[in-house]
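Here's a quick briefing to read alongside your model. Have the sequence and the 3D view open as you go.

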Amino acid sequence: MRIGVLGCAGIAVRRMLPAFTASPDVTVTAVASRDMARAEEVAARFGCRPVEGYTALLGADDVDAVYVPLPAALHARWVEAALRAGRHVLAEKPLTTDPESTGRLLGLAAERRLALMENVMFVHHPRQEAVRSLIADGRIGELQSLNAAFTVPPFPDTDIRYDPDLGGGALSDVGLYPLRAALHFLGPRLEVLGARLTRGAGRRVETSGAVLLGTPEGVTAHLTFGMEHAYLSRYELCGSHGRITVDRAFTPPTDAVPVIGLHRPEGSQEIPLDRADQVAATVAAFVAAVRSGSAPGTDALRQASLLAEVRRVSG
């Protein structure tokens, strides 16, 4: 798969371009930037061609797919342009800033038989499937609730995540992770029961929040998130006979053994798994989607709807 990158964002340079170049199934063809000097710098580092401007890259005949790491507010425009140019798309999360745009782009991708994937990487880590197996095997009894949290220290004041015009804010940046965990384990019938978003002093976007979700069967999810906090990345699933805990849930280091905590009345144990690289797993999942021409999944759309509902309920 020949891929081009629309932009030289930090996550592209730190995470995705190294994963693309390490994959035996991917060739990085080009990197585009509005700043040609920046494109040349990044392209030289990863052994590909620099391109000035995103439109020029979409017109290249040696690009099968594109990765879009632009600010969230620019996703809808450039994802649509890529799809209309016949390119498969891997876009940073959130896919867009509103459910209407998300639904329209997913529909366009399905119509054109193009893969469109949102870059939520933790769902591709094998630990999530291992947790699902424990639940399915009845190891904690009947599932009753989920608690999930993702908080990170402050960014520099000039960071785009503090800019509302670029789609910034804690909800779509870090809050998306615990919300996606709730969708992953509790299913798409979740509803927003309550929400509170808080704006830190001097900020133009929300910097923290809490959300209460529930299923029609009465299973609840309590989510907390923030981007001016000590680091915390975990979730806990509580059942009628036990609990499952997962630490470093959303950003697990590749060199550490991933562990699942299983807590039951007869005692607690740590279940170690094989080391895994969720970035590489995400690239592999995207390659598989491109090869199969599979229609986009619905999780991104349900996620977008829940994010919008959280904003509405929080006022």
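Predicted model: local features only at pLDDT ≥ 70, side-chain atom pairs only at ≥ 80, totals over all residues.

Residues are numbered from 1 along each chain as its sequence is written, and side-chain values use heavy atoms, with hydrogens and water left out.

**Sheet**
- Six strands make an open, parallel sheet, ordered E3-E2-E1-E4-E5-E6; strands (E, at least two residues) and helices (H or I, at least four) are DSSP runs numbered from the N terminus, and two strands pair if DSSP finds at least two bridges between them.
- E3 (49-52) and E6 (116-119) sit at the edges with a single partner strand each, so one side of each has no neighbour in the sheet.
- From one strand to the next, the twist averages 20 degrees.
- E1 (residues 2-6) and E2 (residues 27-33) run parallel and are joined by five bridges.
- Val-5 stands opposite Val-31 in E2.

**Cavity**
- There is one cavity of 30 Å³ or more, a cavity being a set of points on a 1 Å grid over the protein atoms alone where a 1.4 Å probe fits but cannot get out.
- Its volume, the space filled by probe spheres set on the points, is about 40 Å³ for the largest cavity.
- Lining residues (an atom within 4 Å of a point) of the largest cavity include Pro-94, Glu-118 and Leu-307.
- Helix H9 (residues 299-314) gives the largest share of that lining, four residues.

Methods. 1 Å grid on protein atoms, 1.4 Å probe; cavity = no way out; pocket = protein on both sides within 12 Å on 5 of 7 lines; lining within 4 Å. Axes fitted to C-alpha atoms, helices over the stretch in contact; angles between N-to-C directions.
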